[in-house]
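Reader: I would like to learn how to read a protein model with care. Could you take me through this one, giving the general idea before each case?

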Amino acid sequence: QVQLVESGGGLVQAGASLRLSCAASGRTFNNYAMGWFRQAPGKEREFVAAISRSGGTTGYADSVKGRFTVSRDNTKNTMYLQMNSLKPEDTAVYYCAAAPTTLTMLPIRLLREYRYWGQGTQVTVSS
């Protein structure tokens, strides 16, 4: 069992930055690939960014590539999402998730591969 808690969301204006954190407890953090997903009202949950167990490989949705950066600190059991140049269309509840995997360098994009989820943090970007 892994418990995940997101923080760092808020209300910002377009063009601003936010940094989300995802703190993990329970099983060994570096046994899991980690990911960020988001869900806007009336829409399905979608992939945002992923990072491999080692932190050496990352992947991004096209909509956030070049603006968002995912990272992790395995010594602190924490994953981060640095979000720059925020747009109103980035408004959503952001969730972090953990996927068990034996592959240390694989970022995982598929929602169904993730076993554990946080409760989400709201990000609202005003125009």
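Author: Let us begin with burial, where buried means under 20% relative accessible area, exposed over 50%, and partly exposed in between, with a 1.4 Å probe and protein chains only. I51 has a relative accessibility of 1%, and therefore counts as buried. This is a predicted model, in which local features need pLDDT of at least 70 and side-chain atom pairs count only at pLDDT 80 or more, while totals for chains, interfaces and linings use all residues. Residues are numbered from 1 along each chain as its sequence is written, and side-chain values use heavy atoms, with hydrogens and water left out.

Reader: In which strand is I51 found, and which residues is I51 in contact with beyond its neighbours in sequence?

Author: Strands (E, at least two residues) and helices (H or I, at least four) are DSSP runs, numbered from the N terminus, and I51 belongs to strand 5, residues 46-51. Contact means heavy atoms within 4.5 Å; once neighbours within four places in sequence are set aside, I51 is in contact with A33, M34, T57, T58, V70, S71, R72, M79 and P107.

Reader: How many helices and strands does the protein have, and why can it be called as compact as a globular protein of its length?

Author: The protein has 0 helices and 11 strands. Its radius of gyration is 13 Å, close to the 14 Å that the globule rule gives for 127 residues, so the protein is as compact as a globular protein of that length. Here the radius is taken over C-alpha atoms, and the rule is 2.2 Å times the number of residues to the power 0.38. Of the 127 residues, 45% count as buried, and among contacts with a separation of 6 or more, 61% are between residues 24 or more positions apart.

Reader: How should I read a polar contact, and which side chains does the side chain of R38 meet in this way?

Author: A polar contact is a pair of N or O atoms within 3.5 Å; within protein, one must be able to donate a hydrogen and the other to accept it, and residues adjacent in sequence count only if both atoms are side-chain atoms. R38, placed in strand 4 (residues 32-39), has a side chain that is joined to that of E46 by a polar contact of 2.7 Å, and to that of Y94 by another of 2.9 Å. With a relative accessible area of 6%, R38 is buried.

Reader: Where is T101 found, and is T101 buried or exposed?

Author: T101 is found in the loop between strand 9 (92-100) and strand 10 (116-117), and at 15% relative accessibility T101 counts as buried. The side chain of T101 reaches the backbone nitrogen of L103 at 3.1 Å, and, not counting residues up to four places away in sequence, T101 touches N31, A33, R53 and I108.

Reader: What should I look at in the backbone of N77 and S85?

Author: Look at the angle phi: N77 has a positive value of about 55° although it is not a glycine, and S85 has a positive value of about 50°, again without being a glycine. N77 lies in the loop between strand 7 (68-73) and strand 8 (78-83), whereas S85 lies in the loop between strand 8 and strand 9. N77 is partly exposed at 29% relative accessible area, and S85 is partly exposed at 41%.
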